[in-house]
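I opened this model to find my way around it, and I am jotting down each thing as I look it up.

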Amino acid sequence: MSMRNVAIVGVGITRFGVREASWKDLVLEAGKSLFDDVPNLDKKDIDSLFVGAAQPERWIYQTHVAPLVAELLGIEVKRVIARTESACASGQLAIRYAWLSIATGLSDVALVVGVEKMNSKFLNISQSSMINVGNREFDGANGFTAPPFFAMVAQRHMHLYGTTEEQMAMVRVKNQEYGSQNPYAQFQKKVTVEQVLNSRMVAPPLKLFDCSAITDGAVALLLTSEERAREFTDTPVWILGGVQHVDAAHTTNQMGELADWVALRKAAKDLYDMLKITPDDIDIAEVHDCFTISEIIEYEELGFCKKGEGGKFIEEGESYIGGKVAVNPGGGLLANGHPLGATGTRQAWEIVMQFRGEVPKGRYVDGAELAIAHNLSGMAQLHHIMAYSVNKPRDIKFGR
């Protein structure tokens, strides 16, 4: 099945962090930022709307949010309107559905909004909401929120491969160096390995600085077909494709070896086979560093290094700009924070800004042409990857 080429032609973003702004305010901020970015966009051009939002029912007591976003931004949707939910990958899922809708001809111009408002006066709401991401009656009852689960992952990786707490800390140091140059990031101060190691223990071996934060934020993206892209920008960023893979395991005791993320390895192989590329072709990798150990395992499963050598990969500086591949040059989830519905869209925003050359020199990947964005959902059993380029896609056929 041949599909139309699709590009991102406009972007908007809010400051990420602990915001006084409401969920609706965040949507309005991101929307205004997008409309400022695409001054010749007429709202009547937008025929479809996709909203990535993980748990608005729990955090802001609001469901049926896609029509609400349409009202807030003044958009009359004529083709497709939907909210997408896949926990931490809800934003990337919105991009994926918008891309497919345009590629198949169902939509022509689609707005994607990724948004989450996670901070409130009651931290127990956030904690109890995150418990629901796993199997609530089994994992939740046993206290498996994300930190203790990823602590077990880290313990297994340290046991099997000799990965050290210092190597995990180096991931935070790198991402914080780039985050210090990102005015939209939640955390904008550099840190040292010692500061990471001496931060408060959360779940051994993970300390506070090994963890991404509970965050508020929103991002808006404008997507359209090749036929219309030049109406809105001279610098379209092309979506090359996307893949997902999930193992038949949602409950922790069904997952097998915790340090072996088979689903990500399979998803990466699918993407590379589909695009006829190798890991060596990738210039920028926006990966899901919800915890420092996550990024180390992602180096391995994405094929940037051999299995078990992720710790050595960061220690040797291979994931810095100028190394083998620039990983999270915008600061990743560790510096930006992790508003679930907005994270995947924030990664796409970062890639667009990199390709445009509109980021500070210290975190600019000069000459980059190919980037991927990776998200994981829940307890790392579901993985999503999308590929973006400054070059138009080659002939990609689906339904292999």
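Predicted model: local features only at pLDDT ≥ 70, side-chain atom pairs only at ≥ 80, totals over all residues.

**Entry: H1 and H3**

H1 passes H3 in a right-handed crossing. On the H1 side I listed Trp23, Lys24, Val27, Leu28, Gly31 and Phe35 as making the contact, and on the H3 side Val65, Leu68, Val69, Leu72 and Leu73. I then sorted the residues by class: the contact of H1 with H3 has nine nonpolar, one polar and one charged.

I stayed with H3, which runs over residues 65-73. Which of its residues are buried? They are Val65, Ala66, Leu68, Val69, Ala70 and Leu73. I also checked what covers these buried residues: the list includes helix H1 (23-37) and helix H2 (56-59), along with strands S2 (48-52), S3 (80-84) and S4 (109-117). Just after H3 I came to glycine 74, with a positive phi of about 70°.

**Entry: H7 and H12**

Next pair. Helix H7 covers residues 146-161 and helix H12 residues 292-301; I see their axes come within 10 Å and cross at roughly 55°. H7 and H12 are therefore oblique to each other. The handedness I noted is left-handed for H7 passing H12. Phe150, Val153, Ala154 and His157 of H7 make the contact with Ile293, Ser294, Ile296, Ile297 and Glu300 of H12. By class I get six nonpolar, two polar and one charged residues in the contact of H7 with H12.

**Entry: the cores**

In soluble globular proteins, nonpolar side chains tend to be buried together. I went looking for that here. The largest nonpolar core has 51 residues. Which of them touch the most other members? I wrote down Phe149, Phe150, Leu271, Leu302, Ile372 and Ile385. Helix H11 (residues 262-275) gives this core its largest share, seven residues. There is also a second, separate core of 37 residues, and I spotted Val11, Ile102, Ile284 and Ala373 among its members.

Setting aside its neighbours within four places in sequence, I find leucine 302 in contact with Leu264, Ala268, Tyr272, Pro279, Val287, Ile372 and Ile385.

Where is glycine 337? I found it in the loop between helix H14 (332-336) and helix H15 (340-356). Its relative accessibility is 1%, so I count glycine 337 as buried. I also looked at phenylalanine 16, 321 residues away from glycine 337 along the chain: the two C-alpha atoms are separated by 6.8 Å. Beyond the neighbours within four places in sequence, glycine 337 is in contact with Gln186, Ala213, Thr215, Gly332 and Thr343.

Is threonine 343 buried or exposed? Buried, because its relative accessible area is 1%. Again leaving out neighbours within four places, I listed its contacts as Cys88, Leu333, Gly337, His338 and Asn375.

Most residues other than glycine have a negative phi, and most peptide bonds are trans. I searched for exceptions.

Lysine 276 has a positive phi, near 55°, and is not a glycine. I located lysine 276 in the loop between H11 and strand S9 (284-286). Its relative accessible area is 65%, so I call lysine 276 exposed.

Alanine 380 is another residue with a positive phi, about 65°, without being a glycine. I found alanine 380 in the loop between strand S11 (370-377) and strand S12 (382-389). Is alanine 380 buried or exposed? With 7% relative accessibility, alanine 380 counts as buried.

For the peptide bonds, I noted a cis one joining proline 204 and proline 205, with omega about 5°. Proline 205 sits in the loop between strand S5 (201-203) and strand S6 (206-207).

Definitions and conventions: Residues numbered from 1 in each chain as written. Heavy atoms only, no water. Core = buried A, V, L, I, M, F, W, Y, C linked by side-chain atoms within 4.5 Å. Buried < 20%, exposed > 50% of the residue type's maximum accessible area, 1.4 Å probe, protein only. Helix = DSSP H or I, 4+ residues; strand = E, 2+ residues; numbered from the N terminus. Contact = heavy atoms within 4.5 Å. Left-handed = near helix turned anticlockwise from the far one by under 90°. Nonpolar A, V, L, I, M, F, W, Y, C, P; charged D, E, K, R; others polar. Axes fitted to C-alpha atoms, helices over the stretch in contact; angles between N-to-C directions. Parallel < 35°, antiparallel > 145°, perpendicular 65-115°, else oblique.
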